[in-house]
Amino acid sequence: MTERFVYTTGTISVANGASSVTGTGTAWSSRDREGSQIWYRPAGSPAAPPQLIGIVAAIVPRGGYEDLTLPLATPWTGDTLANVDYIILDGPAIANGTTQAAIYARFAAHLEQNMGLVGNTADDINFDLVQENSLFVDDVSRVIYQWRDGVLNEVHAIGLPFTPKGAYAAGTTYAENDLVSHGGAVFVSNADTNLGNTPTVAPSPASSAYWTHFPVPGVAEVLIALGITGVTISTAAPSGGSDGNLWLRLAS
């Protein structure tokens, strides 16, 4: 649907053969004016119909029109006009296919810069525009990935169905998510056909391309997390105590 806005503020002047219209007291910079029609009112004849001066030309950069000057698509061939009343019918530019495409291109670019989207390919992602540490879900495998340091990394989240395999053995082929112990630490295999890749335990347990170090809290950390500040182990019946203390009674 064609959208039209009418502007009449101030006056205009244009010389014979000129390629632009000059305004006095005008404010034309708020919109993309390409394709707008400029008409003038003949002086001293209020009943006379407005006369068309011309069509506003496109400029580069797009939409950067000035308050006091508008370019014409073709030079004015009529008499020189000085400070005459005028009418601008703004809006045909919005209905113009080329201008619509330019407006959409600017809008799409704004979305791409702020959301990492690619226009016309909604399922594709331009990772150069994606914020660091953004998460994505593969629509086929449902695997979660994280964009980090220019690389798309698969996320190994707590709660995956790990498969306990006991102590690590160099001659065993491990599958992804197999859980092993080695050097007093716990590791999770990152891939299938994981053979002969010893988990890193020195100088301290660490993750690698084949294994993810899975820190396991000790008894002390678990008790602290539960709010237990003291433990009493005895064969006697519990007596006394205070908040935060745990009493364990053993068989005599």
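Pro203 lies in the loop between strand 16 (194-195) and strand 17 (211-213). The peptide bond that joins Ala202 to Pro203 is cis, with omega at about 0°. This is a feature of a predicted model, and the confidence of that model deserves attention before other details are considered.

**Confidence**

The average pLDDT of the protein is 79, and 77% of the residues score at least 70. Confidence is highest in strand 13, at 96, and lowest in helix 1 (residues 92-95), at a mean of 49. Where pLDDT is low, the predicted coordinates should not be read in detail.

**The sheet that contains strand 17**

The pairing of strand 15 (residues 185-189) with strand 17 is antiparallel and comprises three bridges. Within this pairing, Val188 has Thr212 of strand 17 as its bridge partner.

Another group of four strands forms an open sheet in the order 1-8-4-5, with antiparallel pairing. Its edge strands are strand 1 and strand 5 (51-55), each of which pairs on one side only. Neighbouring strands here are turned by 25° against each other on average, direction ignored.

Strand 8 (residues 86-90) is mostly covered, with four of its five residues buried.

**Strand 3 and its partners**

Strand 3 pairs with strand 2 (residues 11-14) in the antiparallel sense over three bridges, and Ile12 has Gly23 of strand 3 as its bridge partner. These two strands form a hairpin with five residues between them, and Gly17 in the turn has a positive phi of about 85°. Strand 3 is also joined by three bridges to strand 6 (residues 69-71), again in an antiparallel arrangement; the bridge partner of Val21 in strand 6 is Leu70.

In a regular strand the side chains alternate between the two faces of the sheet. Strand 3 has a covered face made of Val21 and Gly23, and an uncovered face made of Ser20, Thr22 and Thr24.

Gly25 is located in the loop between strand 3 (20-24) and strand 4 (37-40). Its relative accessibility is 54%, and therefore Gly25 counts as exposed. Gly25 and Gly10 are 15 residues apart in sequence, yet their C-alpha atoms are 4.5 Å apart in space.

Two asparagines have a positive phi, as set out below.

| Residue | Phi | Relative accessibility | Class |
|---|---|---|---|
| Asn83 | near 50° | 48% | partly exposed |
| Asn177 | near 75° | 13% | buried |

Asn83 is part of strand 7 (residues 81-84), whereas Asn177 occupies the loop between strand 13 (173-174) and strand 14 (178-182). Asn177 counts as buried because its relative accessibility of 13% is under 20%. Asn83, at 48%, counts as partly exposed.

**A nonpolar surface patch**

On the surface, Val231, Ile233, Leu248 and Leu250 form a nonpolar patch, and together they have about 350 Å² of accessible area. One of these residues, Leu250, is placed in the segment after strand 19 (245-249). Leu250 has a relative accessibility of 47% and therefore counts as partly exposed.

Note on methods. Residues are numbered from 1 along each chain as its sequence is written. This is a predicted model: local features need pLDDT of at least 70, side-chain atom pairs count only at pLDDT 80 or more; totals for chains, interfaces and linings use all residues. Side-chain values use heavy atoms; hydrogens and water are left out. Buried means under 20% relative accessible area, exposed over 50%, partly exposed in between (1.4 Å probe, protein chains only). pLDDT is the predictor's confidence in each residue, from 0 to 100. Two strands pair if DSSP finds at least two bridges between them. Patches are made of residues with over 30% relative accessible area and no salt bridge: like charges are joined within 9 Å, nonpolar side chains (Val, Leu, Ile, Met, Phe, Trp, Tyr) within 5 Å. Accessible areas come from the Shrake-Rupley method with a 1.4 Å probe; for residues, only the protein chains shown count as cover. A salt bridge is a side-chain nitrogen of Lys or Arg within 4 Å of a carboxyl oxygen of Asp or Glu. Axes are lines fitted to C-alpha atoms, for helices over the stretch in contact, and angles run from 0 to 180 degrees between N-to-C directions.
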